Amino acid sequence: MFPVIVCLNFLFGVLKKYTLIFFYFFFKYLYELCLVCSGYTDASKLCVQLQNNSEPKQPQSGSPENTDNKILPAKRPVGSTHGGRPVNLVVNHFLVRFNPRVTIFHYNLDIKQVISHGKRPAKKSKKKVNLRLIRDKLCLDDPARFPLNRTAYDGEKNLYSAVPLPTGQFNVELCDIEDLLTRTYVVSIKLMNELKLSKLEDYLSGKVAYVPRDILQGMDLVMKENPSRHRISIDRHFYSSSFNAEDDFKHGVAAYRGFQSTLRPTSQGLALCLDSSVLAFRKPLAVMDFLKENIPEFDGMYLGLSLRRRVAHALKGLTVRVTHRVTKQRFTIAGLTAKNTRDLWFDFVDPKGRDPTVNVSLVQYFRHKYGKDIVYQDIPCLILGRNNRTSHVPMEFCILSVGQRYRKELLDEVSQDKYDAKCLAWPPERRKTICETMQAYDGPCGDVTQNFGLRIDKNMTSVEGRVISPPDLNLGAPDGSVDIVRVENEKCQWDIAENSVVEGKQIERWALIDFSSSDSSKAKDFIRNLRNRSRSLGIYMDEPLLCHFTGMREFSSVNRLEGLLRSVVEEASRKIPNRLQIIICVMAEKHHGYKYLKFVSETRIGVVTQCCLSNHAFRGDEKFLGNLCLKINAKLGGSNVELTQRLANFEEEDHVMFIGVDVNHPVSKKSTTPSIAAVVSTVNWPAVNRYAARVCPQDHRTEKILEFGSMCRDLVSTYFQVNRVKPKKIVVFRDGVSDGQFDMVLNEELSDLKRSVCDENYKPTITLVLAQKRHQTRLFLENVLDGGATGNVPPGTVVDTKIVHPFEFDFYLCSHYGRIGTSKAVRYCVLWDENSFTSDELQKLIYNLCFTFARSTRPVSLVPPVYYADLVAYRGRIFQEVAKEFQSRSNCTSAFDRSFYNLHPDLENIMFFV
C-alpha cells in the first residue's frame, strides 16, 4: 500500500509542475500575440520599459547615457562627499512650490495696426511698452475672457495664461487723448502649447532625462511679470523706478537698485535664484532742474554762445515726456532752436480747413491752445523729433523720461568710486538687499505668480558646505633646493619675499625700450632694481643687450612699431648670434597702440614682450617688481610654483593633459566682426603649469568652436613633441556655455575632439567639465564669524547638495579669497567622464589647480586652463582689432582670415599671453 501512495504523490507532483509550465507558456504566447497586434514587435523590451516605469527611476551614476543617439550629461557619482571641514551657509535660492496638476497655456500674439484709407499710415510700433499697452487694453475690454492677472507677457510674441483663452482675431482700440485719434489694432491669438507641470515634476524626480525648457521658460516669464509691470526693465534686470537719497550722484544721475532672477531645477526642487544689481540712470528731473544740476551757470536767463553749446551738448539725444498735454509718448531731443522762445513764430494751419492760415507766436499758441504761460522766454526751445517730424517745445514743459541709462565711464572719479562700492556690496549688505527684494511689492512674488499656482518661500536656502584644505606647494629655497610651503593663512597666500620660484630661467638676451622719453638714469635704476629682484627670486638676468629711448608717438601705427621692433632685434643680433628672449617695454601711459605692439611681436617678429607703465616701473616697489618677474619667468618657460603632491585620481605615469577652451564674442552687432575661439593646453606633467595656445577666428557670435578638433589635435602633437609620449588622459575645461548649450558641447564639440584626436592606436580617456561664471548664485556664511574680515566664504568652499542639479554632476566652488565685494563661486558641470572621478577627487583637483596660476601668489577664482583661455581669446580680440584696421584700408576680409591670427612659430608653444 505504501509504494502505491508514493507513486501517486510522485505522479501528482509531475502533473502539477508541467501543468504550470504549460499555462505559463500558453499565456505568454497570448500576451506576445496581443502586443504584436498592437504594433509592438519586441515584447521583452516593452516588459523592461513597463517595469522601469512602474517604479521611481533613480539617477544612474557613471558614464553618461545615450538616448536617441544623443549623449546626455554625466550623472552624479554614487556616494557622499566628505573632504574638508563643514561650514553652514545660506544661498540666494528660494524654493518654488507648484501644483503638478496645473497646465500653463502658451499662446502666440501677433499685433498689427489697421490703417484707415485717407489717413497718414502710422509706423508699426516695435516697442515692448506699446505692445504691452495693447495687451492690457485687450484684457481691460473683456476681463472675463482675458483676465489680466492670470496672464504673463514678454512684450513681443509670447503670452502665457493660467486659464484657457479664446483664440482668433480681436480688435483693440487705443485713443490718443490729445488729438482724439483712435487707432485700431488686430490682435491674433494662437495656441502654441499646453505646458503640463507634471513633466517638470517628472524631471525633478529623475523619471525623465531631458529638461523641459519650454516649461521653465514659461514659469520664468510668470515670475518676471510682476516686476515688469512696476520696474524698469533692462537686459533681463529689473530696477526700481525711484532711487535712495544716498544713491544720488548729483549732476542729474543716480544709482538705481534692482535684481536679476532665474529659475533653476535643484536637488531640493525648483528654486528661484535672485541676485541684486546696481545701474546708473538719468534722474527723471524737469529739464530746467536737470540743467541747473549739470551746469551751475545756467539760470534760465539769456544763453551766451559758450553756454548754449554746453546746454545743447548736455541735452542732445535724451528722451523726454511733455507736461503741457496728456500723452504717454516719449520724444528725443534733437537740439535747440536757433531763436529764443519769444521770437519763435510759425504758420498755423486749421486742421479742419475752415479758417485761413495765420502766423502766430509760440507764446500765444501755448496760451490759447493749452492755457500755459511760458515763463522762460529768453532761452531756446527744445527741438523734439518724432516719426521724422519735429516740434518746438519750451524746456519748462519737458521732463526727462524714466529709464535712461548712464554709462559708468562718463561719471567723475568720485562718483565712479561710489558706484563701484554700491555694485561690489559686502556680503551682509547684499544678503539684506536680496531679502528685501523678495518681500517687496514689486518683486517676483506678486498676485500673478500666485494665480498660476506658484508659491515662493521667501527665506534663503540653508545648506552645509565644506572647506577643502589647501595643498602643499613647492617653492625655491635660498640655497637652490625645493622648499615645501604649507598655506594655512586666511587668504591662502604664500610669500615670495621669503622664497624663490621653483625653476628660474636664465635671461641672457633681452632689450629695454623706454617709451616714456625719460632720462637714462631712471632706466638704469629700473634695470638695477629689476635684476636685483629677479635674482632674489632665483631668476638670473644679465645686463640688457641694448636700451632704446623713444616716445609714445611710436604707437601711432603698426608699421612704425614693426620697424622699431625689427631694428631692436637686428641691433641685438649683431651683438650676439642668438635671438632675443624678451623685450621689456616701459610705456608712459596706456595707449590704444598697445594692440599694435602685441600683434607685431607675437605674429610677425616672434619675440616675447613685457609691458609696464613708467610710473610703476621707476618707483622701485618690491611687490610690483616681484609680480613683473613672475610674468617674465612664466613667459620664458620657467616654473613659479608647483604642487607638492600628485593630482587626485592620477598616477605619475598617466601623462595627463589639461585643456582650456573659451570663445570671445564681439560687442558689435555687425556680422563683419568675428568671434574668437581660443584653446590652451598643458605641455608638462606632472607639474601642469606650462601651456601652449591656439587662437582662431570664426563666424560672428558662433558659440560652437568650429575648429575645435583640429586645434586639439595640434596641441596633442605639441605635447608629444615635448614629452615624447602622448597624454593617456585628457581633461577639458570649457568656458562660456549656458545650460541650453550643453547638448551642443556634448554632441558636437566632444565628437569633433574624438574624431580628430583618437584613432585605432590612440584612445585617451576624456573628461569634459564646464565652468560657468555667469550665474546668480551667491554663497553667504550663516554665521559671519566663520569667515574672515570681509565676511566672505573662505577659499576652498564647495557646495554639492540641495542647490545643485537633481541628478547631474555639478558643484559650486569658491576657490579664491574675496577681497572686494561678495565672492562669487564658479559652477562646474561635468558633462562627460571617462576617468571615473568621484566628487571629492574632482573638487580637490580643480581647487589644487587654482594654486598653479603663473602670475599670482594666491589661488585664483577660476581653474587656470579656462583662465588662460580667456587671456588668449582676449589676445585674439586684439589681433582682430588690428585686422579690422587693415580691412578698412584694403577692403579685404582679413578679420576672418585665420592666417592673420597665426602665432609666430617661436611663440605658439610658450605662455606669451600671461
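Strands are DSSP runs of at least two residues, numbered from the N terminus. In this predicted model, one such run is strand 18, which covers residues 358–361 and holds Ser-361. Ser-361 has a relative accessible area of 6%, and because buried means under 20%, Ser-361 counts as buried. Its neighbours can be named too: leaving aside residues up to four places away in sequence, Ser-361 touches Leu-344, Trp-345 and Phe-346. The side chain of Ser-361 also has a polar atom that lies 3.1 Å from the backbone nitrogen of Gln-364.

In soluble globular proteins, nonpolar side chains tend to be buried together. The largest nonpolar core here has 151 residues, and those with the most contacts inside it are Phe-526, Phe-658, Phe-733, Tyr-828, Tyr-868 and Phe-913. Helix 20, residues 864–890, gives the most to this core, with 10 residues. Phe-526 shows what such a place looks like from within: not counting residues up to four places away in sequence, Phe-526 touches Leu-512, Ile-584, Val-586, Cys-612, Ala-617, Phe-618, Leu-625 and Leu-628. There is also a second, separate core of 33 residues, and among its members are Phe-94, Leu-204, Val-448 and Leu-454.

Next come the spaces between the atoms. Seven cavities of 30 Å³ or more were counted, and the largest cavity has a volume of about 80 Å³. Its lining is made up of Arg-257, Gly-258, Ser-276, Ser-277, Val-278, Lys-422, Cys-423, Ala-425, Arg-430 and Thr-433. Two or more of these residues come from each of strand 13 (253–266), strand 14, helix 9 (413–423) and helix 10 (427–439). Strand 14 gives the largest share, three residues. By type, the lining of the largest cavity divides into three nonpolar, four polar and three charged residues.

Pockets, unlike cavities, are open. The second largest pocket holds about 890 Å³ of space. Of the 35 residues that line this pocket, Tyr-817, Arg-819, Ser-856, Arg-858 and Pro-859 are the closest to its centre. Sorted by type, the lining of the second largest pocket has 13 nonpolar, 13 polar and nine charged residues.

Terms used. Residues are numbered from 1 along each chain as its sequence is written. This is a predicted model: local features need pLDDT of at least 70, side-chain atom pairs count only at pLDDT 80 or more; totals for chains, interfaces and linings use all residues. Side-chain values use heavy atoms; hydrogens and water are left out. On a 1 Å grid over the protein atoms alone, a cavity is a set of points where a 1.4 Å probe fits but cannot get out, and a pocket is an open set with protein on both sides within 12 Å along at least five of seven lines; lining residues have an atom within 4 Å of a point. Grid points are joined across faces, edges and corners, and a volume is the space filled by probe spheres set on the points. Ala, Val, Leu, Ile, Met, Phe, Trp, Tyr, Cys and Pro count as nonpolar, Asp, Glu, Lys and Arg as charged, and the others, Gly among them, as polar. Helices (H or I, at least four residues) and strands (E, at least two) are DSSP runs, numbered from the N terminus. Buried means under 20% relative accessible area, exposed over 50%, partly exposed in between (1.4 Å probe, protein chains only). A polar contact is a pair of N or O atoms within 3.5 Å; within protein, one must be able to donate a hydrogen and the other to accept it, and residues adjacent in sequence count only if both atoms are side-chain atoms. Contact means heavy atoms within 4.5 Å. A nonpolar core is a set of buried Ala, Val, Leu, Ile, Met, Phe, Trp, Tyr and Cys residues joined through side-chain atoms within 4.5 Å.
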